[in-house]
Structures are given as C-alpha cells and as structure tokens.
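Me: I've got a model open on my screen and I'd like to learn how to read it. Can you walk me through it, feature by feature?

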Amino acid sequence: MFDRDKNSYKFNNLYTLPLYKGYENSWAEDYARLVDKEPELSIDVTSITSFLSVGQFSKNRTLFNEIKRLPWLAEPLPNGAYKELQLPKHDFKTGTDDDLAKLLFQKLCDEARVVSRHNPKIYILLTGGLDSRIIAGVYSYLYNNGELKEKPKCLTWGIENSRDVYYAKLMAEHLDFDWQRIPLNPDTVMQNIKKCGQYLGMLHSPEMLHSMLWFKNLPSDAMVIAGSFGDSIGRGEFSSLHLLQLEHKQPKNTYNLLQPEAYEIGAKGLNNDLQHIHQRGGRDTLNYMQCEYWMQGYRMRNGLCHALSVINRSANIYQMFTAPEVYGFMWSLHPSRRDDNIYNALLKNHFPKLAEVPWARNNKSIKGNYKNTKLKPHYHEYTKWSSGELYQEIKTLVDPNWFMDTGLFTKQSIAHLNEMVSKSQERVGRLNDIWLWLAGFRFYIDQLKSEGKTVNFGDVTNYEGDEELSQKQTIKKSLVLLASKSKLVNKTAKHVRKTYRDIDLSAKKKEMIKKHPPKPYEI
C-alpha cells in the first residue's frame, strides 16, 4: 500500500507514478493487486471511448469502474480522497535565446541534482531526439563537475541502423558514457500485448511499451532518466503540432468500432471529463492554455507516464522537464517563444558536440552539416511487423465475433480494421496503435476469466453491425489504405501537411503577439 510518509513523490510534478484505489478505498501503487482483490469487475465504457477517441483514458478512470487513479496534479488524502492542486499560470514573458537557454539549463541542472541526490546509478534513455541529448548533456555536466558519484550510462531501444540508435551511440561517445542498445522486434510486440493488461490494465497501447519490459535486467537501485516531456515543455510541441495549433478534443467513434449505444454512453462521460480538464486553470485561461492542460493531464500523464511505470516494477523511472520550477518557467514564456530556438541556443552554448549530431526526426544537425543518409528513419517497424509476420497471431486475438459478443463493438468494423492492417506498409494515424490495443484488451480479458474473474460488459444491447459502411466511412477507409500502402503517397501527404502547419503556425504566432505583446523576463 502507499505510504505517504515514506514516499518521495512530489505531487506537483507533471510526472508521477500512478496511484490506484479499489474497494478498500485507500491508495496503492500495485494495480494488479487491486484487481485480484475485486470480486467482480465491470468495464468502464467511457474509458474505451476515451482511448479510441484520444489515445488515453480520461480523468481518473481505469478499464474497470471499481478501480480509480489519482487524478493529474492532485495530492492523495486518507480514505481514498484527493485534493486537486492549483496549476501554475501561463504568462507572456520573453528574452533573448541565450538568456532563456541559460535559465532553462540552470533549472534542468537543479532538477537533476534533486533526482540524483539519493540515486547514484543513473541510466539515461537516450534517443536521437533533442530532449534526451539535452538531459544527457546535463548529467555529463554534473558528473564532470564532481556532483555525481558514478558515471551515468546510456540506453537506447530500437532496430539497428536506425537514426535514433546510431546517433544516440554517437552522442554517448561524445560524452564518454557507456552505451547499450536494447532490442526492439516482433517478439517484443507480442510480449507487450501479453503484459499490457496485467501491468497497466490497458491504460496504454502495447505499441507504446516499446522495450520497457527489458528493464527488469537493471539493478533495483537503478534510476532511469527520460526526457519525453521535453518536446511538450521545452518546445511546446505535441505530435508535431505547436500548442497554438491545438484544439479542444471531442469524442469520436474512431473507425466506427463502437456500436451506437455504447458510443453514446461513452461519449457522454468523456465530454464531462474533457470539460473538467479544460476548466482546471480557471475562467481566464486562453484556448491554448486549456489545450496544454489537456495534453499534459491526459496525453502525457495519463498515457506516457503510466506506460513508463512498467519500468518502475524493477527499477526507478523519472521524467525530466517535469519539476514545477522547470515547467512553470516554460509556461511563463510567451507561447511564440516556445520553439526550437531556445533548445538550439542551449545545445550550441553548452554542448556544441551534441549540436553537431543530426536530429533523428529530420536528419539535420543544429550545428554543422554532418548526416548519415544510409540510416533507417524510424527506430521500429510496427506497421510492417503487424501486417507481416505478426498478422495471423494478432488477428486471432482481434476476432470480430469475440468483440461483437461483448456488446460494445461492431463486428463489421473490427473486420474492416483487420483488413486495413493487413494491407498497411506505411504508418498512418493510429491504425496500428488501436489494433494492438484491441489485441491486448482481448488477451487481458481472457486471462482474467481464466483466473475465475467475472468481467461485466454492462447492459448494452448486443449489436452485430453487419450493415455496409457509409459513403463517408468508405472514402476514409480508402484514403487510409492508399496512404498506408504507398510510400510515395505517405511521404507526399506528410510534406504537404508540414508545409501547411508551418504557414499556419507563423500566422498564429503573429496573431498571439498582436493580442498579447511579450513582456521582458526579469533575469
């Protein structure tokens, strides 16, 4: 059970490990133990609707109505109660790139000092991205300054000859850190499908567990450091969209998978949850601020953070950029200033060697012109694995009849989803992400039933849904298949989308500067 006197959680950190409560109405860290104690379980339809709509479970929900999580930025109280904490305010401050980069670097160093104070064995999750190289640089600075007892080590998961793996190794060499690649392959995907329910209650797709199960090989006193929050905090970017381009999320019946009555029930609950998160900042919060609360509270914390808690089963995990002093500083800046420029200045000024290593996303370096054109652009091949060697095994789990019998899903739409996956070669949207989640969901429910658990799907009327897809759905399916089967079409669509987004962002920044003129940051 959770002991607040012995626990070092800072509940105003954006990153905290999940806490759960069940029928005993007290907070606990072990989700599986709470499930074991429940005599009967019932599916929360809103949770499934939320995952299909936005990729995560909303608010404090889990897969089952009987078990709840501690909400985002909340402090646990006795008897299963909690208190939502006040959110730091956004502001419109600005300064030179060099000055702001210096402040960010100082605050990250302070955050790293606190994390490392009682954790000498540091393992850094290093990718080819900008965020993790900044974190690796911070820990290198502390080590060279004599503030760390042991030299950190770097770990990178992914396929060989990918940009992430190759450039991560190169950066580790520049820092004189030991480095190790963690395999990521089709077997890893199947392991994730089989463990995602048991360890996480399907809070996230098995796809997002990557190689996290490998970390059972680390010593129990290891501290794993990640920088996954860097994009969203440091650069104001969420899935290639700047925070000024974000819009309020809405429920949607993705791929028409849920039968109408189930979707109606789930959408009502999800709308209430979305309204709550958007209002966390008070009446005066602007649209981009409300959207950032949603992204941090649901996408990052409810999704990513809880997926990473798998690592915490054997070691310790911490996400940098999540201390109040760090994200409070970044939120205080004018939204037009949250871009690549501060990152670029930080790397050029403090870690010029790391700035010379290309960014895995675009294969371009911040400083210099070095790049390797023979590397694979992605560290995984989930789409090809799913449509190829894994397809038949996973398709057996994603059985249209099984899902129809739950009363929640539409048989025909599950069949269409299987068909789209079988023809996909290029990654498009959340097609593979959802397909793997359905496989994990089926495996988990079957596992619980084999252990004697009763799982109730509710009173939704059984619905076969054998009707033909509507014209709109047929067109959408055709477009998804076209983009997922053709590398040229997929690449062209991404280029057009990026060009449009760049033009759109420039206009939105100018509009925000006009409405809310930047004010100097007092340094």
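Reply: Happy to. Let's begin with helix pairs: an axis is a line fitted to C-alpha atoms, for helices over the stretch in contact, and the angle runs from 0 to 180 degrees between N-to-C directions. Keep in mind that this is a predicted model. Here, the axes of helix α3 (residues 97-116) and helix α11 (residues 340-350) come within 8 Å and cross at roughly 75°.

Me: How are α3 and α11 oriented, then?

Reply: Angles of 65 to 115 degrees count as roughly perpendicular, so α3 is roughly perpendicular to α11.

Me: Which residues of α3 and α11 meet?

Reply: From α3, the contact includes Leu 100, Ala 101, Leu 104 and Phe 105; among those they meet on the α11 side are Ile 342, Tyr 343, Ala 345 and Leu 346. Sorted by class, the contact of α3 with α11 has eight nonpolar, three polar and three charged residues.

Me: What about α2 and α17: at what angle do they cross?

Reply: Roughly 155°, with the axes of α2 (residues 45-54) and α17 (residues 431-450) coming within 10 Å. Anything over 145 counts as roughly antiparallel, and α2 and α17 are therefore roughly antiparallel to each other. The crossing is right-handed. On the α2 side you'll find Ile 48, Phe 51 and Leu 52, which meet Asp 433, Ile 434, Trp 437 and Phe 441 of α17. That contact divides into six nonpolar residues, no polar ones and one charged.

Me: Now single residues. Is Gln 56 buried or exposed?

Reply: Check the relative accessibility: under 20% means buried. Gln 56 has 6%, so Gln 56 counts as buried. Gln 56 sits in the loop between α2 and β4 (68-69). Beyond four places in sequence, the residues Gln 56 touches include Phe 51, Trp 294, Tyr 298 and Arg 299.

Me: And where is Val 455?

Reply: In strand β15 (residues 454-456). Val 455 is buried too, because its relative accessible area is 10%. Leaving aside neighbours within four places, Val 455 contacts Leu 41, Ile 43, Phe 64, Ile 445, Leu 448 and Lys 449. Pro 39 is 416 residues away from Val 455 along the chain, yet their C-alpha atoms are separated by 9.6 Å.

Me: Where does pLDDT stay under 50?

Reply: Where pLDDT is low, the predicted coordinates should not be read in detail. The chain's mean is 90, with 91% of residues at 70 or more. Residues 1-8 stay under 50, with 16 contacts beyond four places in sequence. Residues 462-469 are also below 50, and that stretch has 20 contacts beyond near neighbours in sequence.

Notes: Residues are numbered from 1 along each chain as its sequence is written. This is a predicted model: local features need pLDDT of at least 70, side-chain atom pairs count only at pLDDT 80 or more; totals for chains, interfaces and linings use all residues. Side-chain values use heavy atoms; hydrogens and water are left out. Helices (H or I, at least four residues) and strands (E, at least two) are DSSP runs, numbered from the N terminus. Angles under 35 degrees count as roughly parallel, over 145 as roughly antiparallel, 65 to 115 as roughly perpendicular and the rest as oblique. A crossing is left-handed if the near helix is turned anticlockwise from the far one by less than a right angle, and right-handed if clockwise. Contact means heavy atoms within 4.5 Å. Ala, Val, Leu, Ile, Met, Phe, Trp, Tyr, Cys and Pro count as nonpolar, Asp, Glu, Lys and Arg as charged, and the others, Gly among them, as polar. pLDDT is the predictor's confidence in each residue, from 0 to 100. Buried means under 20% relative accessible area, exposed over 50%, partly exposed in between (1.4 Å probe, protein chains only).
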